[in-house]
Amino acid sequence: MGKDVVFSKKVLEEKSQIEILDKENSQSITYVESSGTSGVRGYGWYGEQDLEKMSDHIINKGIQLSEIDTIMIRFPYTLSLPAHLIESSARKSKSIIIPVSSRTEMAPYFKLLNLMKELEVTVFAGNPREIEFLFEALSVQQLSPAEYLPKLRGFITAGEVLSHQRKKYIERNWGVEVFNLYGATEVGNFGYTCKNGMMHIDEDNFQVNKEQNDTFLPLSTGLNQKVYII
């Protein structure tokens with residue numbers, strides 16, 4: 001490994017996708033990008049081991065996926081990190097996976113509800129807005145979440161701002177817990193909420209420090225280094 005590199009997100013914006021790709025990586029690599037909440041385009045490359053490492057806190061510390069779970073993944077799969085991260089977590093925990101990517105006409109909300117009931121879904125993963133739309137579809141049919149989906153035990157959210165009030169609103173409507181993930185397309189998921197609703201840093205894979213501007217270094221080609229983004 002080379003020396004540590006500390007750089008601002010602005011520096012990354014000035015680099016092309018290929019410039020930050022570690023071409024010597026022997027793993028299969030997934031490319032993702034997003035404009036996020038800032039509206040500024042960000043992108044990243046993730047090897048199989050990267051996704052597996054970030055999966056640990058979802059499996060062991062957050063919602064705690066296991067082989068008895070059936071998870072429906074509603075995040076958009078196109079260029080989206082959360083979808084691939086959650087799927088990697090589900091595979092590692094040996095959960096049953098139901099991929100129903102958003103932004104598609106193949107899986108409207110009423111069909112999702114039918115599938116959730118028929119396949120006894122225990123965990124639903126998606127943007128908060130998707131969960132709210134799903135509840136609207138349930139309400140239109142005058143169905144009770146607890147009676148219609150008795151196996152459902154929780155939601156995993158990411159990709160949108162989830163305030164405390166919004167989290168409580170979703171939990172009150174559905175009667176199950178919401179576990180939120182927090183991260184960035186450029187570096188992956190580095191935060192998660194526990195059963196008490198508290199946000200925690202994934203300290204096994206990330207370290208969060210406050211850096212001074214004069215400590216920034218130029219971003220080198222490839223990622224064979226410990227990289228820090230401010």
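**Aromatic pairs and selected residues in a predicted chain**

Phe 135 and Trp 174 are both buried, where buried means under 20% relative accessible area, exposed means over 50%, and partly exposed lies in between (1.4 Å probe, protein chains only). The model is predicted, so local features need pLDDT of at least 70 and side-chain atom pairs count only at pLDDT 80 or more, while totals for chains, interfaces and linings use all residues. Residues are numbered from 1 along each chain as its sequence is written, and side-chain values use heavy atoms, with hydrogens and water left out.

The chain has seven helices and 11 strands; helices (H or I, at least four residues) and strands (E, at least two) are DSSP runs, numbered from the N terminus. Of its 230 residues, 44% count as buried. The accessible surface comes to about 12700 Å², and 50% of this belongs to carbon and sulfur atoms; such areas come from the Shrake-Rupley method with a 1.4 Å probe, and for residues only the protein chains shown count as cover. A contact means heavy atoms within 4.5 Å. Among contacts between residues at least 6 apart in sequence, 67% join residues at least 24 apart.

The average pLDDT of the chain is 81, and 77% of the residues score at least 70; pLDDT is the predictor's confidence in each residue, from 0 to 100. Residues 1-6 have a pLDDT below 50, and this stretch has 23 contacts in the model beyond near neighbours in sequence. The pLDDT is also below 50 over residues 216-230, a stretch with 52 contacts beyond near neighbours in sequence.

A pair of aromatic rings is described by the distance of the centres and the angle of the planes. Rings of Phe, Tyr and Trp (its six-membered ring) pair if their centres lie within 6.5 Å; planes under 30 degrees apart count as stacked, over 60 as edge-to-face and the rest as tilted. By this rule there are six aromatic pairs. One of them joins Phe 124 and Phe 155 in an edge-to-face arrangement, with 5.9 Å from centre to centre and 75° between the planes. Phe 124 belongs to strand β6 (residues 123-125) and Phe 155 to strand β7 (residues 154-157), so this pair ties together parts that are 31 residues apart in sequence. Both Phe 124 and Phe 155 are buried. The ring centres of Phe 135 and Trp 174 are 5.6 Å apart and their planes stand at 65°, so this pair is edge-to-face. Because Phe 135 lies in helix α5 (residues 128-140) and Trp 174 in helix α7 (residues 164-174), the pair ties together parts that are 39 residues apart in sequence. Ring pairs link Phe 124, Phe 135, Phe 155 and Trp 174 into a cluster.

Charged side chains also sit over rings. A charge sits over a ring if NZ of Lys or CZ of Arg is within 6 Å of the ring centre and within 35 degrees of the ring normal. The charged end of Arg 74 is placed over the ring of Tyr 109, 5.1 Å from its centre. Arg 129 lies over the face of Phe 133, at 4.1 Å from the ring centre.

Asn 180 is part of strand β8 (residues 177-184) and counts as buried at 6% relative accessibility. Its side chain is joined to that of Thr 157 by a polar contact of 2.7 Å. A polar contact is a pair of N or O atoms within 3.5 Å; within protein, one must be able to donate a hydrogen and the other to accept it, and residues adjacent in sequence count only if both atoms are side-chain atoms. Leaving aside neighbours within four places in sequence, Asn 180 is in contact with residues including Thr 157, Leu 162, Tyr 192 and Met 199. Thr 185 lies in the loop between β8 and β9 (188-193) and is buried, with a relative accessible area of 16%. Not counting residues up to four places away in sequence, Thr 185 touches several residues, among them Val 32, Gly 42, Tyr 46 and Leu 81.

Most residues other than glycine have a negative phi. Gln 64 has a positive phi, near 65°; this residue is in the loop between α2 (48-60) and β4 (70-73) and is partly exposed at 41% relative accessibility. Phi of Glu 120 is likewise positive, near 55°. Glu 120 is in the loop between α4 (109-118) and β6, and is partly exposed with a relative accessible area of 46%.

Glu 67 is found in the loop between α2 and β4 and is exposed, with a relative accessible area of 54%. Not counting residues up to four places away in sequence, Glu 67 touches Ser 93, Lys 94 and Ser 95. The C-alpha atoms of Glu 67 and Ile 96 are separated by 7.4 Å, although the two residues are 29 residues apart along the chain.
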